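Please examine the model shown below together with its sequence.

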Amino acid sequence: IERTLSIIKPDATRRNLTGKINAKFEEAGLRIVAQKRIKLTMDQAGQFYEVHKERPFYGELCEFMASEPVVVQVLEGESAILKNREVMGATNPADAADGTIRKEFALSVGENSVHGSDAPDTAAQEISFFFSGLELV
Ligand code: ATP
Ligand code: MG
């Protein structure tokens with residue numbers, strides 16, 4: 001059993017899509033074991049996306065992520081990291097497969113509704129960025 005960090009991004013929380021997105025996770029066999037709605041500061045968004053700081057879209061990405069509340073969550077399941085990324089679909093919704101979250105809900109490559117950790121080490125790091133041990137059972 002594996003855990004991964006998921007974020008429902010501002011474009012999706014704004015459009016009241018949290019429930020529909022969570023249904024996709026649950027239908028795929030992922031269990032939501034922790035979840036909270038928070039509003040990131042620019043500093044927190046910048047720190048979370050530090051790996052992208054040299055990319056041209058970094059500033060825009062941080063402003064977007066800090067623009068409105070997000071829902072951060074821990075998903076658990078068999079191969080949760082890979083499974084979550086399958087349910088999310090490709091980064092650019094134009095390339096995302098039918099039935100994926102990004103195909104159904106994303107607005108653009110930037111406003112693409114969800115984030116998911118990409119590997120076991122980043123999942124552990126991103127989970128502890130948002131959740132304390134007490135919040136995880
Ligand atoms: P995430 O890390 O959010 O799960 P990802 O791994 O599919 O998505 P990354 O390449 O890690 O994609 O990019 C991180 C995020 O940066 C993307 O989800 C998207 O919101 C934004 N992003 C990526 N490429 C672009 C781009 N060309 N223009 C604007 N924003 C972008
Ligand atoms: Mg990524």
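This is a predicted model: local features need pLDDT of at least 70, side-chain atom pairs count only at pLDDT 80 or more; totals for chains, interfaces and linings use all residues.

Residues are numbered from 1 along each chain as its sequence is written, chains are lettered from A and ligands numbered from 1 in the order in which they are written, and side-chain values use heavy atoms, with hydrogens and water left out.

**The sheet**

Helices (H or I, at least four residues) and strands (E, at least two) are DSSP runs, numbered from the N terminus. Two strands count as paired if DSSP finds at least two bridges between them. Four strands form an open sheet in the order E2-E3-E1-E4, with antiparallel pairing. Strand E2 (31-38) and strand E4 (114-116) stand at the edges with a single partner strand each, so one side of each is left without a neighbour in the sheet. On average, neighbouring strands of this sheet are turned by 20 degrees against each other, direction ignored. Axes here are lines fitted to C-alpha atoms, for helices over the stretch in contact, and angles run from 0 to 180 degrees between N-to-C directions.

The pairings of strand E1 (residues 2-8) are tabulated below.

| Partner of E1 | Sense | Bridges |
|---|---|---|
| E3 (residues 70-77) | antiparallel | seven |
| E4 | antiparallel | three |

Arg3 stands opposite Glu76 in E3, and Ser6 stands opposite Gln73 in E3. In E4, Ser6 has Gly116 as its bridge partner. Buried means under 20% relative accessible area, exposed over 50%, and partly exposed in between (1.4 Å probe, protein chains only). Five of the seven residues of E1 are buried, so E1 is largely enclosed by the rest of the structure.

**Helix H5**

Contact means heavy atoms within 4.5 Å. Which residues of H5 are buried? They are Ala80, Ile81, Asn84, Val87 and Met88. These residues cover an arc of only 130 degrees around the axis, which puts them on the same side of H5; the arc is that of the directions from the helix axis to the C-beta atoms. The face turned away from the buried side of H5 carries the exposed residues Leu82 and Glu86. The cover over the buried residues of H5 includes E1, helix H2 (18-27), E3, helix H6 (101-105), E4 and H7.

Asn84, which lies in helix H5, has a relative accessible area of 0%. Leaving aside neighbours within four places in sequence, the contacts of Asn84 include Thr4, Leu5, Ser6, His115 and Gly116. Just after H5, Gly89 takes a positive phi of about 85 degrees.

**The largest pocket**

A pocket is an open set of points on a 1 Å grid over the protein atoms alone, where a 1.4 Å probe fits, with protein on both sides within 12 Å along at least five of seven lines; lining residues have an atom within 4 Å of a point. Grid points are joined across faces, edges and corners, and a volume is the space filled by probe spheres set on the points. The largest pocket has a volume of about 750 Å³. Its lining comprises 30 residues, of which Tyr49, His52, Phe57, Leu61 and His115 lie nearest the centre. Helix H3 (42-48), helix H4 (58-65), H5, E4 and H7 are the elements that give two or more residues to this lining. H7 gives the most, with four residues.
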